[in-house]
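This report describes a single protein chain, going from its open space to its helices, its strands and its aromatic rings. Please consult the sequence and the structure alongside the text.

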Amino acid sequence: MSGQMTNELGWMLDEVLKVPEARHAILLSADGMLRAHSQGIQRDEAERQAAALSGLQSISRSTAEFCGREASPWQQTLVEFADGYVFLVAAGAGAYLAVSAGQDVDMEAVTYSMHKLVDRLGKELTSLPRQHSVPGRPDDSGTA
């Protein structure tokens, strides 16, 4: 998928970048696969970041009990660096939206824009988990 992905949703991600200081946006699946990326970030870099951000989300989700309840659903992670921020939000079942931004970004405007995009796109941002077929099963598209 990665070599021939068409980036059909990339133009929608560019909408988030209208916030001053927002740099890049990527849409990824829970298993770290790149679904789409904004202009200005190369595919290879976007794929690398998608894999890393999937791990970040998983680690963030595992700390729910520290927040109060183990069953508390993860919604957003924010990472701050000297030169900016990375925002990661839930974007439907099995999908996440990430945006990088400079240090002077209006953080509220970025998160609002991200959540507005997620709401607008709804099920288009939902990424179903990959299913592996088992030889001999009816759903197997290969030969038995």
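How much space lies in the largest pocket? The volume comes to about 210 Å³, in a model that is predicted.

## The largest pocket

Rolling a probe the size of a water molecule over the atoms shows where empty space is left. The lining of the largest pocket consists of 13 residues. Those nearest the centre of this pocket are I41, Q49, L53, V86 and S100.

Three elements, β1, α2 and β5, each contribute at least two residues to the lining. Helix α2 gives the largest share, with 5 residues.

## Overall architecture

The protein chain contains 4 helices and 5 strands. Read from the N terminus, the order of the elements is α-β-β-α-α-β-β-β-α.

Of the 144 residues in the protein chain, 40% are buried. When contacts between residues at least 6 apart in sequence are considered, 52% of them join residues at least 24 apart.

## Helix α2

Helix α2 comprises the 19 residues 43-61. At 1.5 Å a residue, this helix should span 27 Å, and the distance of 27 Å between its end C-alpha atoms agrees with that expectation.

Which residues of α2 are buried? They are A46, A50, L53, S54, Q57 and S60. These residues lie on the same side of α2, because the arc they cover around the axis is only 130 degrees. The exposed residues D44, R48 and I59 are carried by the face turned away from the buried side of α2. The cover over the buried residues of α2 includes strands β1 (22-29), β2 (34-37), β3, β4 (84-90) and β5, together with helix α3.

## Helix α4

Helix α4 spans residues 107-121.

The buried residues of α4 are V110, T111, S113, M114, L117, V118 and L121. Their arc around the axis is only 160 degrees, so they lie on the same side of α4. On the face turned away from that buried side, α4 carries the exposed residues E108, Y112, K116 and D119. Elements covering the buried residues of α4 include α1 (10-13), β3, β4 and β5. S113, with a relative accessible area of 16%, counts as buried because this value is under the cut-off of 20%. Apart from neighbours within four places in sequence, S113 is in contact with E15, V16 and V19.

## V89 in strand β4

V89 belongs to strand β4 and is buried, its relative accessible area being 0%. Between V89 and T77 there are 6.5 Å in space, C-alpha to C-alpha, although the two are 12 residues apart in sequence.

Which residues does V89 contact, leaving aside its neighbours within four places in sequence? They are W74, Q75, Q76, A95, Y96, L97, M114, H115 and V118. Two of these, M114 and V118, are among the buried residues of α4.

## Aromatic pairs

A pair of aromatic rings is described by the distance of the centres and the angle of the planes. The model has 2 aromatic pairs. In the pair of W74 and Y96, the ring centres are 5.5 Å apart and the planes stand at 90 degrees, so the arrangement is edge-to-face. W74 is in the loop between α3 (64-67) and β3 (76-81), whereas Y96 is in strand β5 (residues 95-102); the pair therefore ties together parts that are 22 residues apart in sequence. Both W74 and Y96 are buried.

The pair of Y85 and F87 is tilted, with 6.1 Å centre to centre and 40 degrees between the planes. Y85 is buried, as is F87.

## A positive phi at E21

Most residues other than glycine have a negative phi, and most peptide bonds are trans. E21, a residue other than glycine, has a positive phi near 80 degrees. The position of E21 is in the loop between α1 and β1. With a relative accessibility of 38%, E21 counts as partly exposed.

How values were computed. Residues are numbered from 1 along each chain as its sequence is written. This is a predicted model: local features need pLDDT of at least 70, side-chain atom pairs count only at pLDDT 80 or more; totals for chains, interfaces and linings use all residues. Side-chain values use heavy atoms; hydrogens and water are left out. Rings of Phe, Tyr and Trp (its six-membered ring) pair if their centres lie within 6.5 Å; planes under 30 degrees apart count as stacked, over 60 as edge-to-face and the rest as tilted. Buried means under 20% relative accessible area, exposed over 50%, partly exposed in between (1.4 Å probe, protein chains only). The expected span of a helix is 1.5 Å times one less than its number of residues. The arc is that of the directions from the helix axis to the C-beta atoms. Contact means heavy atoms within 4.5 Å. On a 1 Å grid over the protein atoms alone, a cavity is a set of points where a 1.4 Å probe fits but cannot get out, and a pocket is an open set with protein on both sides within 12 Å along at least five of seven lines; lining residues have an atom within 4 Å of a point. Grid points are joined across faces, edges and corners, and a volume is the space filled by probe spheres set on the points.
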